[in-house]
Amino acid sequence: MFNDWLARTRADIALLTTDLETGPYPYAGIPWFSTAFGRDGVISALQMLWLNPELARGVLAFLARYQSTETSVFGDADPGKIMHETRKGGMAVLRELPFGRQDRR
């Protein structure tokens, strides 16, 4: 029973994990929350550390890349703050919602 639980858990995490330029990142859920969430990514990576340390490397690299460098009341951002979530698409580009991300390299 334990092995079945472990196999199912690994399959679920694999389904939710997306390969990004910064490495693997576990998205929050399909379909509506198929995006990166800061706190959820860190918690998932910490809990999976013993099985898949590469996931933690990917999460930390992504969060470091998109860590805030400016202050924005609309975006709930301050220098050094980790983002709540990310969104792409028309509403994010037009700043109709606060979770759009600016790609910094």
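Tutor: Strand 1 (residues 17-20) and strand 2 run antiparallel and are joined by 4 bridges; strands pair if DSSP finds at least two bridges between them. In this predicted model, local features need pLDDT of at least 70 and side-chain atom pairs count only at pLDDT 80 or more, while totals for chains, interfaces and linings use all residues. Residues are numbered from 1 along each chain as its sequence is written, and side-chain values use heavy atoms, with hydrogens and water left out. Helices (H or I, at least four residues) and strands (E, at least two) are DSSP runs, numbered from the N terminus.

The two strands form a hairpin with 2 residues between them, and Thr17 has Pro26 as its bridge partner in strand 2. Strand 2 (residues 23-26) also holds Pro24. Pro24 has a relative accessible area of 13% and is therefore buried, a word that means under 20% with a 1.4 Å probe and protein chains only, with over 50% being exposed and values in between partly exposed. Which residues does Pro24 touch, not counting those up to four places away in sequence? They are Thr17, Thr18, Asp19, Glu54, Leu55, Gly58 and Val59, where contact means heavy atoms within 4.5 Å. The C-alpha atoms of Pro24 and Ala56 are separated by 8.2 Å, although the two are 32 residues apart along the chain.

Ala56 and Val59 also belong to the largest nonpolar core, whose 10 residues include Tyr25, Tyr27, Phe62 and Leu63 as well. Such a core is a set of buried Ala, Val, Leu, Ile, Met, Phe, Trp, Tyr and Cys residues joined through side-chain atoms within 4.5 Å. Helix 3 (residues 53-65) supplies the largest share of this core, 4 residues. Leaving aside neighbours within four places in sequence, Leu63 is in contact with Tyr25, Gly38, Val42, Ile82 and Met83.

Helix 3 also meets helix 2 (residues 38-48): their axes come within 8 Å and cross at roughly 155 degrees. Axes are lines fitted to C-alpha atoms over the stretch in contact, and angles run from 0 to 180 degrees between N-to-C directions. The two helices are therefore roughly antiparallel, since angles over 145 degrees count as such, under 35 as roughly parallel, 65 to 115 as roughly perpendicular and the rest as oblique. Among the residues that meet there are Val42 and Ala45 in helix 2 and Ala56, Val59 and Leu63 in helix 3.
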